[in-house]
Amino acid sequence: METNQPLILIVDDEGDFREILGTKLKAAGFLVEEASSGAEGLEKAGKIGPDLIILDVNMPNLSGVETLGQFKSDPVLAKIKVIFLTNYGDMKETALWLDEKFAREIGAYDYIRKSDDIDKIVEEIKFALK
């Protein structure tokens with residue numbers, strides 16, 4: 001059975017956050033898969049071909065930046081939009097601009113903060129998939 005629901009892969013080492021975000025995304029009509037590490041995220045992405053990857057920047061072993069580098073070196077995975085998920089950042093306008101610039105320069109589509117309202121995060125994800 002084929003569905004037109006976008007498939008999102010959440011790659012984050014924090015299980016509670018994956019569960020909360022996944023539940024909200026499913027309620028918003030998305031299909032969701034999860035991975036708890038960069039290596040697992042790479043493997044799953046290759047198997048399921050998600051429409052969007054939400055990738056935590058700060059993970060042990062293989063960081064989000066390193067994982068993104070591996071996504072971008074694979075011709076198939078390089079086409080998938082990746083949004084960084086971060087705990088970093090300052091709410092000042094200059095710092096927001098720097099975070100966005102950094103994310104885009106290394107190949108991410110955008111970035112979102114874990115500390116943002118979960119409904120706002122879902123809206124940003126919807127926008128990225130348009």
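View 1. Helix α3 spans residues 64-73, and its buried residues are Gly64, Thr67, Leu68 and Phe71. Looking down the axis of α3, you find these buried residues within an arc of 100°, so they line one face of the helix. The arc is taken from the directions that lead from the helix axis to the C-beta atoms. An α-helix has 3.6 residues a turn, so residues three or four places apart point the same way. "Buried" means under 20% relative accessible area, "exposed" means over 50%, and "partly exposed" is what lies in between (1.4 Å probe, protein chains only).

A word on the model before the next view: it is predicted, so local features need pLDDT of at least 70 and side-chain atom pairs count only at pLDDT 80 or more, while totals for chains, interfaces and linings use all residues. Residues are numbered from 1 along each chain as its sequence is written, and side-chain values use heavy atoms, with hydrogens and water left out.

**View 2. The whole chain, for orientation.** The protein chain has five helices and five strands. Starting at the N terminus, its elements follow the order β-α-β-α-β-α-β-α-β-α. Of the 130 residues in the protein chain, 40% are buried. Contact means heavy atoms within 4.5 Å. Among contacts between residues at least 6 apart in sequence, 66% join residues at least 24 apart. The accessible surface of the chain comes to about 7300 Å², and carbon and sulfur atoms account for 52% of it; such areas come from the Shrake-Rupley method with a 1.4 Å probe, and for residues only the protein chains shown count as cover.

**View 3. Strand β1, covered on both faces.** Zoom in on residues 7-11, which form strand β1: five of its five residues are buried. Leu7, Leu9 and Val11 sit on one side, Ile8 and Ile10 on the other, and both faces are covered. Which strands pair with β1 in the parallel sense? One is β2 (residues 31-35), over five bridges, and another is β3, over four bridges. Two strands count as paired if DSSP finds at least two bridges between them. Within these pairings, Leu9 has Glu33 in β2 as its bridge partner.

**View 4. Glu34 and its surroundings.** Glu34 is found in strand β2 and is partly exposed, with a relative accessible area of 26%. Beyond its neighbours within four places in sequence, Glu34 is in contact with Leu9, Ile10, Arg18, Glu19, Glu40 and Lys44. With one of these, Arg18, the side chain of Glu34 forms a salt bridge (3.2 Å, N to O). Arg18 lies in helix α1 and Glu34 in strand β2, so the pair ties together parts that are 16 residues apart in sequence. Arg18 itself is buried, at a relative accessible area of 13%. A salt bridge is a side-chain nitrogen of Lys or Arg within 4 Å of a carboxyl oxygen of Asp or Glu.

View 5. How many salt bridges does a search of the whole structure find? The search finds 11. In one of them, the side chains of Lys114 and Glu14 meet at 3.0 Å, N to O. Lys114 is in the loop between β5 (110-113) and α5 (118-128) and Glu14 in the loop between β1 and α1, 100 residues apart. Lys114 counts as buried at 11% relative accessibility, whereas Glu14 is partly exposed at 37%. Both belong to a network of salt bridges that links Asp12, Glu14, Asp56 and Lys114.

**View 6. Asp116 with Lys120.** The side chains of Asp116 and Lys120 meet in a salt bridge (3.8 Å, N to O). Asp116 is buried, with a relative accessible area of 14%, while Lys120 is partly exposed, at 43%.

Conventions:
Helices (H or I, at least four residues) and strands (E, at least two) are DSSP runs, numbered from the N terminus.
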